[in-house]
Amino acid sequence: MLIRRPADIAPSEITPRALFEDRRRFLQTLSGGAVAGAALWAGFPSTARAAPQKLAPLTPSPFNVKEDKTPYKAVTTYNNFYEFGTDKEDPAANAGVMATRPWTVKVEGLVGKPRSFDIDEILKLAPLEERIYRLRCVEAWSMVIPWVGFPLAALLKQVEPQGSAKYVEFISHYDPKIMLRRPVLDWPYREGLRLDEAMHPLTLLTVGLYGEVLPNQNGAPVRIVVPWKYGFKSAKSIVTIRLVEREPVSSWTQANAAEYGFYSNVNPNVDHPRWTQSKERRIGEFSKRPTLMFNGYADQVARLYQGMDLQKYY
Amino acid sequence: MMKDSPPRRPAMPPIGPIKVALFLVCLLPLAHLVQAGLTDALGANPIEAITHATGDWTLRFLLITLAVTPLRRLTGAHWLLRLRRMLGLFAFFYASLHFTTYIWLDQFFDLQGIAKDVLKRPFITVGFAAFVLLIPLAATSNSFAIRRLGGRKWQSLHRSVYAIAILGVTHYWWLVKKDISEPLLYGSILAGLLGIRAWWREVERRKQLAGEYMPKAKLGRKVIQIVPK
Ligand code: HEM
């Protein structure tokens with residue numbers, strides 16, 4: 001199958017939450033919030049073995065949910081990242097070999113100023129925020145994750161989208177030397193959003209979690225997070241962002257259009273043939289909890305879909 | 001194929017100790033699961049891990065049970081047949097754990113939710129059918145039931161295990177999102193186990209067709225051997 005590596009995240013690298021929160025407090029005190037925008041990044045090649053690098057300072061976000069955060073260990077060992085294997089434990093075991101430096105993201109298509117961004121430029125493009133979001137997987141489980149990033153809109157504005165651009169396509173890194181060669185999906189992984197969804201302030205260009213650089217298995221070094229859609233819409237390890245006129249076909253839609261629609265908004269009223277979507281298991285909890293419309297972000301995003309039949313545009 | 005060669009009969013090993021050892025071996029997957037549970041080693045989603053482990057072992061025991069007849073025929077080790085009942089009952093044992101995990105840990109006795117699942121999610125529908133069909137087999141896996149039903153009736157009832165195994169593989173096939181490599185593997189093994197039976201049956205049928213000239217007694221014995229008691 002895959003190149004197997006031992007699960008090499010030493011327990012010492014997993015930050016207990018109490019410790020992590022202490023550190024955050026310490027950093028906040030230290031920076032006093034004065035150096036807004038000057039994100040510090042100690043840039044070493046990220047491998048699973050190297051201690052994760054801290055990202056600071058972080059601006060708190062009004063979008064944070066108040067629910068308990070899912071422990072770091074669960075967030076970083078229970079992943080869907082099919083390029084590194086289809087079992088939940090595979091990405092943590094196999095993604096360490098991916099080199100996340102140097103890394104450039106090409107932004108192209110219907111834009112006034114197409115260009116490539118180096119990951120270091122991306123980190124300095126806008127103030128880094130901590131965004132504590134719910135994550136709802138189409139497989140009926142969920143987490144609460146403190147992501148680090150800034151609105152994707154900040155990046156898109158830099159390239160000046162043209163009037164004809166209606167959609168944004170995201171293309172993930174694919175390297176057959178270290179990733180799954182079996183065509184489980186049509187590689188490279190592709191996802192897409194409508195331009196107004198991509199420009200929405202909730203849509204996060206994400207570079208970290210729990211105050212640290214993204215672990216590889218979570219989509220390092222840069223991914224998007226779209227909290228009101230099922231998790232697979234949030235493409236990982238992005239190398240190309242393309243603005244287009246027509247609705248792009250995502251890898252999952254291509255694989256099974258009847259089950260994975262373009263919108264894939266979290267919706268407890270539209271069932272999936274494999275999973276009942278009215279409830280979800282929050283990782284770490286025993287009882288299931290009800291799934292919320294748009295994953296609880298209806299106040300912010302419902303207007304994007306006014307007048308649309310969400311049974312049809314699932 | 002191995003026409004009329006006299007069946008090799010390896011010496012009969014001590015069946016009692018073998019049964020005890022096999023019984024303990026069959027409990028190892030459960031022991032492993034319990035140990036993982038106690039040491040917090042079931043991962044981020046323990047209920048899913050238990051569902052998967054018990055489902056995997058149900059299917060594996062079904063396939064192992066179905067392998068007994070071909071193995072016996074290929075090796076001539078007829079005593080293997082005396083282990084089949086235990087293997088089949090272990091398939092049912094793990095199926096019961098799997099079903100209980102679903103009813104209790106996954107759905108927490110939400111009968112409405114369970115009914116909806118069974119009716120609306122195709123993979124649950126076929127898994128449920130497989131489990132329901134297993135119940136009469138488990139209930140008649142004893143000498144008393146065989147005597148009461150009579151060999152022939154008992155045998156035709158227990159042939160539903162072929163359908164159960166097919167439903168089991170279908171269940172797995174339909175529940176995976178995209179990567180069908182594992183259900184494909186189990187499906188291929190099942191196809192092999194059923195295929196070899198079909199092949200032997202066909203060979204036998206041809207023999208029978210040509211067999212007007214064969215001594216009746218010999219024919220009769222062979223026919224019964226296709227589906228051993
Ligand atoms: C003979 C009967 C059955 C067999 C052979 C069987 C086998 C399996 C197998 C092999 C798996 C996948 C394990 C993995 O991914 O590693 C599985 C998963 C599962 N089975 Fe069964 N099963 C049976 C009956 C049932 C029944 C009666 C139910 C519930 C009514 C059920 C519910 C499930 C569920 C919920 C999953 C997990 C699905 C997921 O992860 O999305 N199964 N089963």
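The accessible areas come from the Shrake-Rupley method with a 1.4 Å probe, and for residues only the protein chains shown count as cover.

Let's take some members of the patch in turn. B:Trp104 belongs to helix α3 of chain B, residues 81-106; helices (H or I, at least four residues) and strands (E, at least two) are DSSP runs numbered from the N terminus. B:Trp104 counts as partly exposed because its relative accessibility is 44%. The scale here is buried for under 20% relative accessible area, exposed for over 50% and partly exposed in between, with a 1.4 Å probe and protein chains only. A:Phe286 is partly exposed too, at 37% relative accessibility, and B:Phe108 is partly exposed at 47%.

## Aromatic pairs and a cluster

Over all chains, the whole structure has 27 aromatic pairs. Rings of Phe, Tyr and Trp (its six-membered ring) pair if their centres lie within 6.5 Å; planes under 30 degrees apart count as stacked, over 60 as edge-to-face and the rest as tilted. One of these pairs joins A:Phe81 and A:Phe84 edge-to-face, at 5.1 Å centre to centre and 85° between the planes. Both A:Phe81 and A:Phe84 are buried.

Which residue does A:Phe286 form an aromatic pair with? Its partner is B:Phe108, in an edge-to-face arrangement with 5.5 Å centre to centre and 90° between the planes. This pair crosses between chains: A:Phe286 sits in the loop between β12 (279-282) and β13 (289-290) of chain A, while B:Phe108 sits in the loop between α3 and α4 (111-120) of chain B. Within chain A, A:Tyr167, A:Phe262, A:Tyr263, A:Phe294, A:Tyr305 and A:Tyr313 form one aromatic cluster.

## Lysines over rings

A charge sits over a ring if NZ of Lys or CZ of Arg is within 6 Å of the ring centre and within 35 degrees of the ring normal. A:Phe262, a member of the aromatic cluster, has the charged end of A:Lys233 over its ring, 4.5 Å from the centre. A:Lys88 is placed over the face of A:Tyr78, at 5.6 Å from the ring centre.

## Salt bridges

Side chains of opposite charge can pair when their charged atoms come close. How many salt bridges does the structure hold over all chains? There are 30, where a salt bridge is a side-chain nitrogen of Lys or Arg within 4 Å of a carboxyl oxygen of Asp or Glu.

A:Lys113 and A:Glu160 form one of them, with their closest N and O atoms 3.3 Å apart. The pair links distant parts of the chain, 47 residues apart: A:Lys113 is in the loop between β2 (104-109) and β3 (115-118), and A:Glu160 is in the loop between α5 (152-159) and β6 (167-172) of chain A. A:Lys113 is partly exposed at a relative accessible area of 45%, and A:Glu160 is partly exposed at 39%.

In the salt bridge of A:Arg190 with A:Asp186, the closest N and O atoms are 2.8 Å apart. A:Arg190 is buried, at 14% relative accessible area, whereas A:Asp186 is partly exposed at 38%. A:Asp196 and A:Arg194 also meet in a salt bridge, 2.8 Å from N to O; A:Asp196 is partly exposed at 34% and A:Arg194 is buried at 13%. A network of salt bridges links A:Glu67, A:Arg134, A:Arg136, A:Glu280 and A:Arg282.

## The two chains

Chain A has 8 helices and 13 strands, and 57% of its 314 residues count as buried.

Chain B has 10 helices and 0 strands, and 39% of its 229 residues count as buried. Carbon and sulfur atoms account for 70% of its accessible surface of about 13300 Å². Among contacts in chain B between residues at least 6 apart in sequence, 69% join residues at least 24 apart.

## Reading the numbers

Residues are numbered from 1 along each chain as its sequence is written, and chains are lettered from A and ligands numbered from 1 in the order in which they are written. As this is a predicted model, local features need pLDDT of at least 70 and side-chain atom pairs count only at pLDDT 80 or more, while totals for chains, interfaces and linings use all residues; side-chain values use heavy atoms, with hydrogens and water left out.

Methods:
Contact = heavy atoms within 4.5 Å.
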